[in-house]
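Hi,

Here is the structure I said I'd pass on.

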Amino acid sequence: IAQYRRYFKTEPMGTIWTEAKARELEPILSQNFHYLGKGSTCKAYISQDGDYCLKIFLKSRTTSKMFRNIPFLRDLADLRRELRMKFKGIRGQINAYQFIPKETGMIYYQFVHPRNLFHKTINLTEEDGSLTILDLDRDEFVIQKKAILPEEFLRACFAKHDIIGAKEAISKLLHFTEMLYTQ
């Protein structure tokens, strides 16, 4: 538990902020976002222009099977599992930004540490039409270009008879998977 907490407090948990990054984000963050879908770890929202995706990680309470009958140890095991899952999710996003930002469309990420860069909020329209307010200085999120799923990309390559493009995409995915595995 201490190792994960130390990591969250000492590692940079946001994209390096520059004037160029601010100019890049301004038109994106001036839009409202609408619900796109929900995965096992995050909710995704799409921008009004349909070009960008904003991901918010789900805050779910997990339970560990270890020590489930011993209250104090069960709570510690649950906390450790929760921190480990958060660590894996964050590392995955940071790795994607560092190693294959073009392929993943990563533009910006912010985790854990509150920052005072934006001084604004964004309206997120939920699936049922309700509004959620995202505070850009306080909340954790990822902004990326709207992605094309690997399966869709490969089908498009095969439809265009672009075998070289398909092989290159598969090679990059395998290389990224290998890097994650070795880390």
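To get your bearings: how many helices and strands are there in the protein chain? The answer is 6 helices and 7 strands. Do keep in mind that this is a predicted model. Starting at the N terminus, the elements go α-α-β-β-β-α-α-β-β-β-β-α-α.

A few overall numbers. The C-alpha trace spans about 60 × 40 × 35 Å along its principal axes. The chain has 183 residues, and 34% of them count as buried. If you take the contacts with a separation of 6 or more, 54% are between residues 24 or more positions apart.

Now for the inside. In general, nonpolar side chains in soluble globular proteins tend to be buried together. Here the largest nonpolar core has 17 residues, and the ones touching the most other members are F8, M13, I90, I94, F111 and V142. At least two residues each come from α1 (2-10), α3 (71-99), β4 (106-110) and α6 (163-182), with α3 giving the largest share, 4 residues.

F111 deserves a click: leaving aside residues up to four places away in sequence, F111 touches M13, F57, I90, Q93, I94, E140 and V142. Apart from that core lies another one, of 16 residues, including L25, L54, L136 and I143.

Charges come to 29 positive and 22 negative side chains, with the centres of the two sets 7 Å apart.

Cheers

Notes. Residues numbered from 1 in each chain as written. Predicted model: local features only at pLDDT ≥ 70, side-chain atom pairs only at ≥ 80, totals over all residues. Heavy atoms only, no water. Core = buried A, V, L, I, M, F, W, Y, C linked by side-chain atoms within 4.5 Å. Buried < 20%, exposed > 50% of the residue type's maximum accessible area, 1.4 Å probe, protein only. Contact = heavy atoms within 4.5 Å. Lys, Arg positive; Asp, Glu negative; His and termini not counted. Charge placed at Lys NZ, Arg CZ, Asp CG, Glu CD.
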